[in-house]
Amino acid sequence: MITVIKNINVYAPENMGKKDVVIVNDKIEGIYDNVNIPNNFVEIETIDGEGKLIFPGFLDCHVHIIGGGGEGGFKTRTPEISIISLVEAGITTVVGCIGTDGVCRSMRALIAKAKGLEEEGITSYCYTGSYEIPVKTITESIKGDFMMVDKVIGVGEVALSDHRSSQATYEDFVNIVAQARVGGILSGKAGIVNVHLGDGARRLEYLFKVIEETEIPPTQLLPTHINRSDKLFEVGIDYAKKGGFIDLTTSSDPRFLEPGELRAGEGLALLLKKGVDIKHITFSSDGNGSMPVFDDSGKLIGLGICSVKTLYGEVKESIIEHKVPIEEAIKVITSNVAEVLKLNNKGRIESGRDADFVIVNEENLDIHTVIAKGKVVVEEGKAIIKPTFE
């Protein structure tokens, strides 16, 4: 199966100008100035790229694919995510996680859901564990999960500086990071530790100690929710300048931002202005996590669900509203995430990599077409695939 995307402005994520992109089966064959398709050759599908931009498929490294929430009682548990929600958001690679509830949400269910999403057409992985330390694994250890379970590429989201955390000691935390480090080396995986940060006074204290007092490199850690408060954001800037990665959460209700909370798009622009290297910044949606909804008087009236659509939505806002260059902004959901997670076939438009793409309209940057594993899954912004039970 050969597909040629003709005359399209390529962001790989670097801007390569107008090119033709050739796909063979599920891989990128090459990027060319002009492909001449001979008559009476093998059947070739062509896609007209005039007036459009093409990006690598988006990677969302923090999604509650089997649901999240539950912190307001059993009725507030959010449902599993649909493949439709993911592909219409441009997400072609997803990493699933468990949050607060490590009792009723299990690793077996998480792995099964990740495998189901893969069968339905996108690439999927997951983290082992939940908020809780010690980590509840599916085998006898973190290292065992990395080495024996193909879908498991990291640990998380373990909670720190949060009233919902297990209030682990620094020694408990650094032991997890050490296990993840060795497990990643032995399995050839990232072994990343995805760290949920609350708004507690300790903030990134444990993470600074890891990179300052141990031999473990900062690439082993990915702290998220950095934009939840101005104080955490400022500490996050220091952490990134010491070589660490920081992750901004895109899901928020702009009507009810907490004091000091930053939208991710605005946060990206500010980080760059403060001199943070773009390569040390990622976005994730926290998709399917629960999000409180308040009325005008501030009274809690229900719970919403964090949306995966915000992942690209906040990138687009950073480009349009805050004038971040496209080729810089798009890195936080493509090449940067692929590098952190060591997914060498993802995140870039490059010969030999997986044929995952998002094609957007040049005039408004809205998603038009999504291609996952070489197959078109979204056309004109709407999914053309169906989940098994729809």
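View 1. Leaving aside its neighbours within four places in sequence, Ala168 is in contact with Ile133 and Tyr206, where contact means heavy atoms within 4.5 Å. Ala168 is buried, with a relative accessible area of 10%; buried stands for under 20% relative accessible area, exposed for over 50%, and partly exposed for what lies in between, with a 1.4 Å probe and protein chains only. Between the C-alpha atoms of Ala168 and Val158, which are 10 residues apart along the chain, the separation is 9.9 Å. This is a predicted model, in which local features need pLDDT of at least 70 and side-chain atom pairs count only at pLDDT 80 or more, while totals for chains, interfaces and linings use all residues. Residues are numbered from 1 along each chain as its sequence is written, and side-chain values use heavy atoms, with hydrogens and water left out.

**View 2. Helix α5 and the elements that cover its buried residues.** Helices (H or I, at least four residues) and strands (E, at least two) are DSSP runs, numbered from the N terminus. In helix α5, which spans residues 205–213, the buried residues are Tyr206, Leu207, Phe208, Val210 and Ile211. Tyr206 is also one of the residues in contact with Ala168. The cover over the buried residues of α5 includes β9 (152–160), α4 (170–187), β10 (192–197), β11 (221–224) and α6 (230–241).

**View 3. Helix α8, a mostly covered helix.** Of the 11 residues in helix α8 (residues 310–320), eight are buried. These buried residues are Thr310, Leu311, Tyr312, Glu314, Val315, Lys316, Ser318 and Ile319.

**View 4. The salt bridge between Lys18 and Glu50.** A salt bridge is a side-chain nitrogen of Lys or Arg within 4 Å of a carboxyl oxygen of Asp or Glu, and a search of the whole structure finds 20 of them. In this view the side chains of Lys18 and Glu50 meet at 3.0 Å, N to O. Lys18 lies in strand β2 (residues 15–24) and Glu50 in the loop between β4 (44–48) and β5 (52–56), so the pair ties together parts that are 32 residues apart in sequence. Lys18 is partly exposed at a relative accessible area of 43%, and Glu50 also counts as partly exposed, at 41%.

**View 5. The salt bridge between Lys151 and Glu118.** The side chains of Lys151 and Glu118 meet at 2.5 Å, N to O. This pair links distant parts of the chain, 33 residues apart, with Lys151 in the loop between α3 (142–148) and β9 and Glu118 in helix α2 (residues 107–120). Lys151 counts as buried at 8% relative accessibility, whereas Glu118 is partly exposed, with a relative accessible area of 23%.

**View 6. Glu350, Arg353 and their salt-bridge network.** Glu350 forms a salt bridge with Arg353, and the closest N and O atoms are 3.1 Å apart. Salt bridges that share partners join Glu14, Arg348, Glu350 and Arg353 into one network. At 35% relative accessibility Glu350 counts as partly exposed, while Arg353, at 16%, counts as buried.
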